[in-house]
Protein chains: 2
Amino acid sequence: MGVSGCGKSTIGKLLAQKLNIPFFDGDDFHPETNIKKMCSGKPLNDDDRQGWLETLNNLAKEQLTTNSCIIVCSALKEKYRTILNEGIQNNSEWVFLEGSFKQILDRINKRENHFMSSNLLKSQFKILEEPKNAIKIDVNLTPNAIVKMIKKELTVKSQFGLFGLGVMGKSLSRNLANKDFKISLFNRHVEKVEVDVAKNFKEQYSELSNAAAFDDIAAFVNSLQTPRKIMLMVNAGKTIDYVIEDLLPHLSENDILIDGGNSNYKKTKERNVYLKTKGIHFIGTGVSGGEEGALKGPSIMPSGDKEAYKQVQPYLEKISAKDKNDLPCCTYIGPEGSGQFIKMVHNGIEYVEMQLLAEVATILKAIGQNPDEISTTLESWKDTASSYLLEITTAIFKKKEGNDWLVNKILDKAGNKGTGNWTTIASAEFGVPSTLIASALFSRYVSFYKEERILLSKSFVTHSNSELNITTNDVLEAYQFARIINHYQGFKLIIEASNKSAWNLNISEIARIWTNGCIIRSTLMEDLVDVFKETTNILTDVELIEKVNQFKPSAKKVISQCVLNDLTTPALSEAIQFLNGITTEYASANVIQAQRDYFGSHTYQRLDDPSGKSHHTNWN
Amino acid sequence: MGVSGCGKSTIGKLLAQKLNIPFFDGDDFHPETNIKKMCSGKPLNDDDRQGWLETLNNLAKEQLTTNSCIIVCSALKEKYRTILNEGIQNNSEWVFLEGSFKQILDRINKRENHFMSSNLLKSQFKILEEPKNAIKIDVNLTPNAIVKMIKKELTVKSQFGLFGLGVMGKSLSRNLANKDFKISLFNRHVEKVEVDVAKNFKEQYSELSNAAAFDDIAAFVNSLQTPRKIMLMVNAGKTIDYVIEDLLPHLSENDILIDGGNSNYKKTKERNVYLKTKGIHFIGTGVSGGEEGALKGPSIMPSGDKEAYKQVQPYLEKISAKDKNDLPCCTYIGPEGSGQFIKMVHNGIEYVEMQLLAEVATILKAIGQNPDEISTTLESWKDTASSYLLEITTAIFKKKEGNDWLVNKILDKAGNKGTGNWTTIASAEFGVPSTLIASALFSRYVSFYKEERILLSKSFVTHSNSELNITTNDVLEAYQFARIINHYQGFKLIIEASNKSAWNLNISEIARIWTNGCIIRSTLMEDLVDVFKETTNILTDVELIEKVNQFKPSAKKVISQCVLNDLTTPALSEAIQFLNGITTEYASANVIQAQRDYFGSHTYQRLDDPSGKSHHTNWN
């Protein structure tokens, strides 16, 4: 912007060329009536300008849907700029070419065939309201110097901020930088423990040469373009709340905070409500893929305010994994903490997939395989039961340290960071029987009682002398069987939560963004994308019914043998129990109801009374 | 109390005789110096009185430890009464014998050998501060009339209030009345739904003839002796908070509210803190026994402020069940919501005991027994595995309706009121693997998906043709096996919660108060009372180890057969899995740790590094 003759067109063209984006001269969009008026030496009034400014605003909006552009326009009054900026305040940047009346008049006098008279220039200076939030450049400089300065000013602010440089924060930062986003990095300073973390990290990786590194919150926030987009990658729990409080004084209205940690979905909902009162948008986002996924393309599950999400969408989609159709493994999940809810369930499913592989290894070991042989067996399952977790487990059992396998040297106490715990709690709260997730969680808990296990192992008779009469193919089928049940249960929890919370989640889309980037990606998950287009209950899908029926005999054989041989396989075992339960027309719960009525007068319903009326019996 | 010559001694002696409690004349406890002073016509000063009043206060305290008593004393000033009342404010009642100077002087003049002069009487009237909270009686009445009036005033107020007359509230009320407590009953008035509930209830049972019935809160509260003792028997959840708010304006400092419902232990803790700010004591109390237990003697688990508990102890102990040594099945559990916590776990154990019996019935049915035969089988287990739940289940299977067994007509959707749910959540939160409780809870949840079960039952192959090759004795041993695991898990949750919450619970005492009155009373529970005197881990008890080892082969046989025959027995099955897990020296959790380190750099510990250091491997 600037008065006519300030050099807008020259500078604008040159800048557009350097930035490789389209250039538009506002004057080219004047309607003919305006041009005639100006040629006749009469200044345009505001009514003349209204339609023209709207045209330019629409032009800018249209260009922003794909990329960006340079538009030049005198835009002398604040109210003109308001029209030009309408709806794109957060995506536009003003550059004001500044000069004195004499300087500009000299420039105009050198021109030929221009429709501007010097009288009009006087009127322009008269109405000029200098902008407050523009990059201001002196027109006395050479065009090249001017363009260089603008470019520097335009790019000095970062597009995206990453707060917290743990394993996941670091990987996501590099991912963003690799996608040519200009980012700011922040990590707190803790004397002697966390010193210059961001700075050292930036120096470590060449792709971060353009990133800005901070350990001061105010400087970090100020380095970001508004509305700011800050992704929090800190420990879930109270830390998030402390970080939010630390950031708040530095943020501006409409800034966007993205929580990419494994926060509890209930807390995300609360934070959403709280930050809305402060004018800040909050996007709770599940991110799965571990260290490597975060770097090369994770699965991303954002939720919260949909309008705010649109502003971070380009970033998240760009860094996410791509599915087999090259679509981003990132989609807007739903309101409140729904993104963090499905990430939690994702982790629950993951717990089970990991547990099943641990149990498979237990069985393969019991039938005499050493880790190399276990690895070979798992490798051979790739064609029928391919998954990321199968793949890494295959690699794990191959890994040697000296003459021994590394896996044999690892302490058998499994850690957990709370999401399996929360999924089990959510199951209990939503009334959904996620038995395998509970089983996997409790297996980790049992593993934690190492000292007690050692003590008790001495007192109890285990490992009978009967032999395991099963093949690796039996084990494979039992494993496939349990995986189907696991996915049925996990998605059932999501579906029930969606219904009860009115989230209206798209289950097929959720399965789709889990086909790549995340820890539970698998060919089974790919199959489920289509299954969920037809039904929310995968046990009504003809092909899956066939598979379950095909695999069940092996599962029964494997589990009965494991029970007889004192092998610990709770998740595989529970998979059978659950299928039996959910396919039993008349369950044993009638006995429970009779007992409850007997001792507590809790009443019961009757098979022969479809009204659902409560009945009570004096059983004595 | 009253001035000398008002007739205190005469009335006091007569009243003590009528109430059958000891009588003491305060004057008999004056030291000799005081007596000499009074005889010489000098009035006592406050220093003279101090030691004497303390002596009387100690006398009262001592008497109250066993029963009650009548003490007479002039107690003319408020500050004298404060000394006399110190520490027993809630257990004393003042009676003031009132008369004019002339009336009293006449009485004194009729006496012989009294050491009081009429001059002293004048000084007594001068210093008399009339009490505000005393029963006032005119000395002009005959002694018999006076005693009758006092007795009426003393007994017209109720000792204990029962708020909420549902199934449990009604039974507890009758229990209290049967123990000769004077009680007040309250039930809200809800137009057309709950009308005159308390009044009608009182009229229904002769033992309630002495009870007072209300549907007005103020009148109910005013009918109680202070400090008031009000037991709330309303629905758990928000209702309790509403009821507390309704009661608060009518209560006085040091009144005691007892929540006898299945409230969440976390809420009980919050309410405790909140009510403390209002000067009200709150006792969270588990009550188990169902309708019949509440009437004849439940198991009671009070927690909260121990000093406040002492005031309700006589009532709760009296109405509770008695153990085999005739001790009350009621004991102070611990601080905060510990009583409601153990009641919650009690219900979790109960869920499992019920589920195991339902599974047992499933198996007995599958081996061809009809309900009568199942009942006979269960009856025959009484000698080896006696429990209340076994007993009622035996009765349930015998119950006929026309030509068919009633149990066969009950809809197989099991209800739940939240405690199994909370126990599972507490397990997840405390890191304790209560797998059987989760299994029993989720079995109820599965039962709830009745329509889905019917639908899916048509698509899946079930009930193979192989035959169940097990005896009823195998089933009995599998059942006994699972019950030991259930009790191990339930108590483990209590022990861990006690440790982590610093409740310092007495586990053996908890087992003891569960040996009678409650739903999970059994001979196994009786055995555990002694086991817990020696150890907190029942799987280290020699006799129980022997039993587990004895029963396990049958459990393995039963479960492997059930799996092969598509029978749904998740809790029995999980009992084996759990024992295998907790007795495995080297578990498969090493695989989980390797996986977590592979994809998330979560690190692992090593068997050969007892320092517990974190190790990380680049697995690729």
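**Chains A and B: domains and interface**

Let me begin with chain A, where 63 Å separate the centres of domain 1 and domain 3, taken over C-alpha atoms. Please keep in mind throughout that this is a predicted model. Those two domains belong to a division of chain A into four parts, with domain 1 covering residues 8-154, domain 2 covering 157-336, domain 3 covering 344-582 and domain 4 covering 586-620.

Now to the place where the chains meet. How many residues of chain A are in contact with chain B? There are 123 of them, and they touch 123 residues of chain B. The size of an interface is often given as the accessible area lost when the parts come together. Here the area buried between chain A and chain B is about 10600 Å², and carbon and sulfur atoms give 63% of that area. On the side of chain A, the residues A:Ile410, A:Phe460 and A:Phe599 supply 7% of what this chain buries against chain B, which is more than any other three residues.

Let me turn to the polar side of the picture. Across the interface of chain A and chain B the rule finds eight salt bridges, and I would point you to the one in which the side chains of A:Asp566 and B:Lys556 meet, at 3.1 Å from N to O. The rule also finds 56 residue pairs in polar contact across this interface, counting pairs with both residues at pLDDT 80 or more. Helix H27 of chain A, residues 589-600, gives the largest share of the side that touches chain B, namely 11 residues. Taken by class, that side of chain A has 56 nonpolar, 42 polar and 25 charged residues.

Definitions and conventions:
Residues are numbered from 1 along each chain as its sequence is written. Chains are lettered from A and ligands numbered from 1 in the order in which they are written. This is a predicted model: local features need pLDDT of at least 70, side-chain atom pairs count only at pLDDT 80 or more; totals for chains, interfaces and linings use all residues. Side-chain values use heavy atoms; hydrogens and water are left out. Contact means heavy atoms within 4.5 Å. Buried area is the accessible area (1.4 Å probe) that two parts lose on being put together, summed over both. A salt bridge is a side-chain nitrogen of Lys or Arg within 4 Å of a carboxyl oxygen of Asp or Glu. A polar contact is a pair of N or O atoms within 3.5 Å; within protein, one must be able to donate a hydrogen and the other to accept it, and residues adjacent in sequence count only if both atoms are side-chain atoms. Helices (H or I, at least four residues) and strands (E, at least two) are DSSP runs, numbered from the N terminus. Ala, Val, Leu, Ile, Met, Phe, Trp, Tyr, Cys and Pro count as nonpolar, Asp, Glu, Lys and Arg as charged, and the others, Gly among them, as polar. Domain bounds come from an automatic or database domain assignment.
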